[in-house]
Amino acid sequence: MVKKITVNTIRKYKENKEKFSVLTAYDYSTAKYIDEAGIDIILIGDSLAMVALGYETTHCIDVDVMKIFTRAVAKGVEHAMVVTDMPFLSYHADIPSAVKNCGLMVREGANGVKIEGFSDYILNVIRRLTETGIPVMGHLGFTPQFINTFGGYKIQGKTQEAVDEILKQAKELEKAGVFSIVLEMVPQKSAKYITENVTVPTISCGAGKYCDAQVLVCDDIFGKFSDFKPKFARKYGDMKSLIFNCAKQFNDDVKSGKFPCDDEVF
Ligand code: KIV
């Protein structure tokens with residue numbers, strides 16, 4: 001039987017100083033293959049708004065959209081922990097609607113949710129979700145749902161004062177019950193300092209090698225999304241060319257009469 005990754009596995013990774021991997025997925029077969037590859041946490045990131053649906057920011061998707069993608073991914077996963085990134089406005093209005101929306105993702109197969117940012121209200125949401133049995137991954141540093149407030153893709157935690165503030169927030173998230181914290185676009189040295197001073201694992205998204213885990217967007221590592229490439233994303237494949245070449249050969253074969261052949265007909 002396949003051993004399922006749980007919050008306990010994630011906690012143990014930090015205790016044992018073992019690194020773990022987090023990768024996004026948005027569809028059934030991608031989720032299945034990256035699960036087979038041994039990825040520890042599969043995140044249905046709201047980045048899907050940009051890389052799968054073509055929007056300019058992550059703001060344009062809602063709970064119904066995330067339910068569909070969560071269901072598809074969860075069906076493909078046996079081993080990894082499945083975490084759904086809660087979309088913009090799905091946990092901000094009040095605590096009952098936040099709990100309900102996050103609970104709907106668990107019903108679709110998520111084993112936890114990710115929520116962005118820090119405030120007294122967010123801490124209360126985390127406490128309530130944790131009490132409800134929904135593990136929460138926090139997200140600090142650059143938080144894409146706040147892009148309009150930040151005024152663009154801006155590195156966070158560059159000064160000692162700024163890093164102390166992120167550390168203070170991380171400690172509060174930890175106290176409220178998160179099982180891990182994504183640190184996005186934080187300088188490596190700052191992320192190291194935060195990682196060494198919290199007991200929950202930190203997950204780097206462009207925050208360097210000293211975090212306990214690393215997360216990337218699947219379309220970036222596959223070389224599929226090509227509108228832009230974040231500095232911190234490593235491309236492991238060239239799916240864009242693969243898709244182009246397959247489509248081109250099919251197009252040529254159809255037009256030259258080479259498809260279908262005798263083996264491909266009834
Ligand atoms: O939406 C997303 O994919 C994310 C991760 C990259 C952290 O939030």
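A pocket, on a 1 Å grid over the protein atoms alone, is an open set of points where a 1.4 Å probe fits, with protein on both sides within 12 Å along at least five of seven lines; its lining residues have an atom within 4 Å of a point.

Good morning. The model is predicted, so local features need pLDDT of at least 70 and side-chain atom pairs pLDDT 80 or more, while totals for chains, interfaces and linings use all residues. Residues are numbered from 1 along each chain as its sequence is written, and side-chain values use heavy atoms, without hydrogens or water.

I begin with the second largest pocket, whose volume is about 270 Å³, that is, the space filled by probe spheres set on the grid points, joined across faces, edges and corners. Among the residues lining this pocket are Ser21, Ile39, Gln214, Ile221, Phe232 and Arg234. Strands E1 (20-24) and E8 each supply at least two lining residues; strands are DSSP runs of at least two residues (E), and helices of at least four (H or I), numbered from the N terminus.

The largest pocket holds about 790 Å³ of space. Of its 39 lining residues, Glu184, Met185, Cys205, Pro230 and Phe232 are the closest to its centre. Strand E8 gives the most to this lining, with 3 residues.

Finally, I turn to Asp220, in helix H10 (residues 218-221). Leaving aside neighbours within four places in sequence, Asp220 is in contact (heavy atoms within 4.5 Å) with Phe225, Phe228, Pro230, Ala233, Arg234 and Lys235.
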